[in-house]
Amino acid sequence: MSGLRVERDGGILRITLAKPERRNAFDAALIAELHEAFADVGDARVVVLAGDGPSFCAGADVEWQRASIDLSFEENVEDALRLYRMLAAVDSCPAPLVARVQGFALGGGSGLVACADVVVTAPDATFGFTEVRLGIIPAVISPFVFAKIGAGAARRYFLTGERFDAGAALRIGLVSEVAEDLDAAVGRVVGEILKSGPEATRAAKRLARERPSDGEELARIAAGLRAGAEGQEGLRAFLEKRPAGWSV
């Protein structure tokens, strides 16, 4: 039985962790399904990542962890690489990625949160890079976490393994917004994204991820968008005081 639900609603692609009885914890099958889902999101204008039930993702599944005790060093390497490749696929998703987070988002669950562009969380959500409590470290998720919250915050939470609340997650930049009504807040963010040009939002995401600094390269990026069909339509719509053709 699949641990993932993938649904398309117009320009919105919804990818939902669907193992609520296991708090949507990772195992080999769920990691493979997530990797496949994010390997090709098609022409989706926005992707919404969520988790069924009371928790977003409680990290590694207990049974999966128990099975790892008997793995050899090389088997452990391959196991860790599968998790890394999945997170890299999520992180490099070309479409804007909005995460809806509630309950526990621990270990790899917090790593998954770090891969999203916009994260809306419930006030009672709990985060943590708890690996050191098990005598291991969050090596595989670290590049995505460093990119999101910086080394300063990571040094504290990686070392202590302590859990922290939504307010702390907001302060360090792991999440974007804390909302009592998650669905309404996610809907508002998605609505804002859908007002923007589909090509422009993807280009803006690449700009934020790659952060080019060469002036000529930046000028060419800007000119390419401005001279393209979408940029021309957006400028004309603005000047003519009408909705752009992509508006929904």
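## Overall form

The structure is a predicted model. Its protein chain contains 10 helices and nine strands. A compact globule of 248 residues would have a radius of gyration near 18 Å, and the value for this chain, 19 Å, agrees with that expectation. Along its principal axes, the C-alpha trace spans about 65 × 40 × 35 Å. The accessible surface of the chain comes to about 12,800 Å², and carbon and sulfur atoms account for 56% of that surface.

Of the 248 residues, 44% count as buried. Among contacts in the chain with a separation of 6 or more, 69% are between residues 24 or more positions apart.

## The nonpolar cores

In soluble globular proteins, nonpolar side chains tend to be buried together. In this model, the largest nonpolar core has 52 residues. The residues with the most contacts inside this core are F26, L34, F38, V47, F127 and L174. Several elements each supply at least two residues of the core: the strands β2 (12-17), β3 (46-51) and β4 (97-101), together with the helices α1 (28-39), α3 (73-91), α4 (108-114), α5 (142-160) and α6 (166-172). The largest share, seven residues, comes from α5.

L34 illustrates how residues from separate places in the sequence meet. Leaving aside neighbours within four places in sequence, L34 is in contact with L4, I15, L17, F26, L49 and M86. Another core, of 14 residues, lies apart from the largest one. Its members include V46, A122, V190 and I193.

L112 is found in helix α4. Is L112 buried or exposed? Its relative accessible area is 1%, and residues under 20% count as buried, so L112 is buried. Not counting residues up to four places away in sequence, L112 is in contact with L17, F26, L49, F56, M86, L87 and V90. L112 and L49 are 63 residues apart in sequence, yet their C-alpha atoms are 9.5 Å apart in space.

## Aromatic pairs

A pair of aromatic rings is described by the distance of the centres and the angle of the planes. A search of the whole structure finds six such pairs. Two of them are set out below.

| Pair | Centre to centre | Angle between planes | Arrangement |
|---|---|---|---|
| F127 and F164 | 6.0 Å | 25 degrees | stacked |
| Y157 and F164 | 4.2 Å | 40 degrees | tilted |

F127 lies in strand β7 (residues 126-128) and F164 in strand β8 (residues 163-165), so their pair ties together parts that are 37 residues apart in sequence. Both F127 and F164 are buried, and Y157 is buried as well. Ring pairs link F127, F129, F146, Y157, F158 and F164 into a cluster.

## Individual residues in loops and after helices

G107 is placed in the loop between β5 (104-106) and α4. With a relative accessibility of 5%, G107 counts as buried. Leaving aside residues up to four places away in sequence, G107 touches G128, F129, T130, E131 and I141. G107 and G59 are 48 residues apart in sequence, while the distance between their C-alpha atoms is 4.9 Å.

Where is R211 placed? R211 is in the loop between α8 and α9 (215-227). Although R211 is not a glycine, it has a positive phi of about 45 degrees. R211 is exposed, with a relative accessible area of 62%.

K241 lies in the segment after α10 (229-239). This residue, which is not a glycine, has a positive phi of about 55 degrees. The relative accessible area of K241 is 77%, and residues over 50% count as exposed, so K241 is exposed.

How values were computed: Residues are numbered from 1 along each chain as its sequence is written. This is a predicted model: local features need pLDDT of at least 70, side-chain atom pairs count only at pLDDT 80 or more; totals for chains, interfaces and linings use all residues. Side-chain values use heavy atoms; hydrogens and water are left out. A nonpolar core is a set of buried Ala, Val, Leu, Ile, Met, Phe, Trp, Tyr and Cys residues joined through side-chain atoms within 4.5 Å. Buried means under 20% relative accessible area, exposed over 50%, partly exposed in between (1.4 Å probe, protein chains only). Helices (H or I, at least four residues) and strands (E, at least two) are DSSP runs, numbered from the N terminus. Contact means heavy atoms within 4.5 Å. Rings of Phe, Tyr and Trp (its six-membered ring) pair if their centres lie within 6.5 Å; planes under 30 degrees apart count as stacked, over 60 as edge-to-face and the rest as tilted. The radius of gyration is taken over C-alpha atoms; the globule rule is 2.2 Å times the number of residues to the power 0.38. Accessible areas come from the Shrake-Rupley method with a 1.4 Å probe; for residues, only the protein chains shown count as cover.
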